[in-house]
Amino acid sequence: MEIIYARDFKKSVPGQGPQLEKIIRKLRRELAGSGMGIWETGLAKQSRKFHGGEKLFKFRVNHGDRIIFTYTDYMELPPGAPRGMVLLEYVRHDDQERRARSLGRAGGLEATAGDGCLERSYEAWDPEKESFLDSLEPYASEEEYKQDYQTYGKYLDLNNTVAYVTKWEEESDRLLEDALLSEEQFRLVQESEAVLLLGGAGSGKTVICIHRAAALQELYPRTGYFTYSEKLCSDARRLLKAILPREEGEETAGKRAEEICVTIEDYCSRQLSVTAEKLVNFQRFSRWLEGADPLGDRCRTVLPGGLEPYNLWAEIRGILKGYMGENWYRSRPFAFNRFPAQVNRRLEETGLVVFRPESRTYRVRSKAVLFRTESRERLKKHMAREEADLRETAEVLTALDAVVDEQKELRLHRRDRRQDLLSLEDYLKLDESRSVFNADERKAIWQAAAEYQDWLQKRDLWDDNDLALAMAERAERARQNGETLFDALVVDEVQDLTEVQVLMLTRLVPAMDDLFFAGDANQIINPTYYSNERLAKLKYLKTGKADRFIRTLQKNYRSQAAIVELANRLGEIRRKCIAKEDEKSELLETAVTHGNLPFRLERSRENLRQALEVLSETASAAILVAEEEDAAHLRKQFPDLRLDNLYTVREAKGREFDYVFTWNITGRYWQAWRDILSLRARKNALYRYYFNLFYVSITRARRNLCVYEERSVFDGYEDLYSYFSRMPVFNQESLGMTGREMGREEWRREAALLEGDGLFARAALYYSHGGDEKSAARCSARSRFAGGDFREAVYDLLDLEEYDLAASCAAKLAPDAFGDLQYITGVLTGKARLRLGKSEILLRFLQRSRSAETAARVDEYLARALEAAAANLEAAAGAVPAALDPDAAGTGAGQLQDRPARQSEPKEEA
């Protein structure tokens, strides 16, 4: 017998995480003590005796609050679902009181709450001491049961809701959640062919991906789950840890989850031994572009006016470096004098290659060159028609084989990184569905990209496309030796990957059918220029048929119906005004939950202030803007408000919130929307971004959405306003935000989730809002490390006595990143005092990572540190071991060494 709970139950528990664990722990213990689970307990027997209805039951949590539950015997169950008890919602006393008044009764639940006993606060309740099994109560009336059935009856079909089977991790004493699959999701998990699974935000794609990875892992030990986002990877590990078999122990399951679920960048950098200081992301690219690079490097190309750094990064990452060419191969030129003139003429006659006079090179013309048998047959037929002799035919076939081999080879050009760019000639020929810039702008962008490649090569730096090319080359060599690195791969949020990264993934597995993709083209706000049809073409390059490859999910389990309907309408407008995608990738979604219409707040400074003031004090709310510039504008306009939950849409992607307030998401791009709605932007890839930005922002909301625009863009599409409820004056009660507990604990709880997801800068803000300044400082240090300030971040962690974390961060750097042995040893022996275990971890790491001569010195330090710590074990709590640096003459016992100054960056070699 299992304990299952609906997702809404988790949200309804006061205090959520910690209190939820208390409830589940207590129930598990009581049910385990019954011998045969739920069915032999007083709870089950009373359910049948006092149910007052047929399918819903309730028991007292305390004198005021109740838990509504049912049994799986009364439910429509998906395949593989276990039998047990299903918790539906935690109902507070105030909610019951309002329900009773709505029924016109003065009694109801209150009459049975405790026979006149005073109500106790939730905080006073201790589920560790109080029993649930004898606290079941009947429904007071048929009307009361009917109202509950109307509210909770939707849960009786688990195909239309999200529910979790509870599992308990005994070693860490923590609750794990294994999401139940619907019938549709179960079928997709069992799919035997390659699949591109399409679904909107909240459709359950990640749940399917993780269950599929778990199922494949039982058959193929070398199974991987890849994604672009560290946050999504963190979520996937938690879910997979609950799913994996527990026979080998919880610690083993946790390690397996970490091995299986990885980001593409992390996997490639580890395989290629590229350390953190060598990686370039958008933030580091921006510093180089603006001349803020620590080494003084900068871009010197004069860029087109109005070109923002992110647009340039998108063009370089998604097209100049990430695009694989029309038929998923990069056509490389070969010199006209490589083969005899007669051979070149014969190749050109077949239509397989074409001569380019301007560059005096031959280029591949037909995708047939990708297929050796097809291209050879085509050439043989041509040579036979021309009555060529056997010697000439053999010579031309040999040349053709050389061209085929060269075109199919993925090579990382370490000597000249510019060769990894799409050629300027090919870049200028792309139509506007690929690049929206004119010829002069493209020339400047290509020159800036060439400078960027020179900078990467000069400093031996790598971006994610470089990693993918190098990894593809390594995987290709393994394939030539009859080996592959993985048996099967599951790829989540594929729309965030470049085509070079996708092609790399196909090289890691034996065949295309060993890949399972999931994504949503409507959520593309990272620069990839992804298209469902392009990915289908990779699978069906010869036939062009993709009917069995693309599957769709149509249910939305996250957002309530009105938000889903708004998103569907936006999709219809996008198809009409920009471009028509394949019909299968544009199916409309249906919601499984209902709620308010989204609100359209009337424009006024007072309305904006009131909204920001209320939402900025709610950890479960988010204020969304399009760009960082907009966030800075709001902070400047309202300097007295603490806007810690103010996000750009890119920062909020992958997260969900109870309440979402969007500010000027469409109004900021008023002219672009004018072009879209007047049909001047058809087949233009850039304009899809503006739709996706709005789509992603509104689909972050679980319960309530409020939209505020400085300028309306939807004139001519007034029907869109029917999807909103007009709010002349901001009203927090309409958003369901009155009577909520908004204490510091809520901020600390959200901060812990953010830190676990790798969103360190945001977690620092939330910890600070919740009054936990030490945790805020820890997250600030981790954020600095992620941003490239590696050494100082490790020093900050040492100062905070976060020794394990400092060691794990330092392990990602090159062995010679730290030379400040005296400082680190002083910290460990002086500040750490008797924390011997954690001190030893960091010292042993330094021992492994340093040169031989330094390792001997570390050995000496380590031996003396252990000896000093052991000698002080029986000392007073305030005793401090003696300083251990033999060269630090005159240093007092236990005195902490000063932090060393920043090391100068290495000079460029001549």
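This report describes a predicted model of one protein chain, from its overall make-up to selected side-chain pairs.

**Basis of the model**

Residue numbers start from 1 along each chain as its sequence is written, and side-chain values use heavy atoms, with hydrogens and water left out. Because the model is predicted, local features need a pLDDT of at least 70 and side-chain atom pairs count only at pLDDT 80 or more, whereas totals for chains, interfaces and linings use all residues.

The pLDDT is the predictor's confidence in each residue, from 0 to 100. The protein chain averages a pLDDT of 76, and 72% of the residues score at least 70. Confidence is lowest in helix α4 (residues 93-102), with a mean of 49, and highest in strand β8 (residues 223-227), at 95. Residues 580-585 have a pLDDT below 50, and this stretch has 14 contacts in the model beyond near neighbours in sequence; a contact means heavy atoms within 4.5 Å. The pLDDT is also below 50 over residues 829-838, a stretch with 28 contacts beyond near neighbours in sequence. Where pLDDT is low, the predicted coordinates should not be read in detail.

**Overall composition**

The protein chain contains 34 helices and 23 strands. These elements are DSSP runs numbered from the N terminus: helices are H or I with at least four residues, and strands are E with at least two. Of the 910 residues in the chain, 55% are buried. Buried means under 20% relative accessible area, exposed means over 50%, and partly exposed lies in between (1.4 Å probe, protein chains only). The chain exposes about 40,000 Å², of which carbon and sulfur atoms supply 48%; accessible areas come from the Shrake-Rupley method with a 1.4 Å probe, and for residues only the protein chains shown count as cover. Among contacts between residues at least 6 apart in sequence, 74% join residues at least 24 apart.

Helix α31 (residues 803-810) is largely enclosed by the rest of the structure, because six of its eight residues are buried. The buried residues of α31 are Tyr803, Leu805, Ala806, Ala807, Cys809 and Ala810.

**Salt bridges**

Side chains of opposite charge can pair when their charged atoms come close. A salt bridge is a side-chain nitrogen of Lys or Arg within 4 Å of a carboxyl oxygen of Asp or Glu, and the count by this rule is 41 salt bridges. Three of them are listed here.

| Salt bridge | N to O distance |
|---|---|
| Arg459 and Asp297 | 2.8 Å |
| Arg726 and Glu602 | 3.2 Å |
| Arg603 and Glu710 | 3.0 Å |

Arg459 forms a salt bridge with Asp297. This pair links distant parts of the chain, with Arg459 in helix α17 (residues 439-459) and Asp297 in the loop between α11 (282-289) and α12 (309-320), 162 residues apart. Arg459 is buried, at a relative accessible area of 16%, and Asp297 is buried at 9%.

Arg726 and Glu602 also meet in a salt bridge. Arg726 lies in strand β23 (residues 725-727) and Glu602 in the loop between β18 (599-601) and α22 (605-615), so the pair ties together parts that are 124 residues apart in sequence. Arg726 is exposed, with 52% relative accessible area, while Glu602 is partly exposed, at 24%.

The side chains of Arg603 and Glu710 form a further salt bridge. Arg603 lies in the loop between β18 and α22, and Glu710 in the loop between β22 (701-708) and β23, so parts 107 residues apart in sequence are tied together. Arg603 is exposed at 57%, and Glu710 is partly exposed at 23%. Elsewhere, salt bridges that share partners join Arg345, Arg346, Glu349, Glu386 and Glu392 into one network.

**Aromatic rings**

Rings of Phe, Tyr and Trp (its six-membered ring) pair if their centres lie within 6.5 Å; planes under 30 degrees apart count as stacked, over 60 as edge-to-face and the rest as tilted. The count by this rule is 24 aromatic pairs. In one of them, the rings of Tyr452 and Trp455 have centres 6.2 Å apart and planes at 40 degrees, so the pair is tilted. Both residues lie in helix α17, three residues apart, about one turn of the helix, and both are buried. Tyr452 and Trp455 belong to one aromatic cluster with Phe282, Phe285, Trp288, Tyr310 and Trp313.

Arg650 lies over the face of Tyr310, at 3.8 Å from the ring centre; a charge sits over a ring if NZ of Lys or CZ of Arg is within 6 Å of the ring centre and within 35 degrees of the ring normal.
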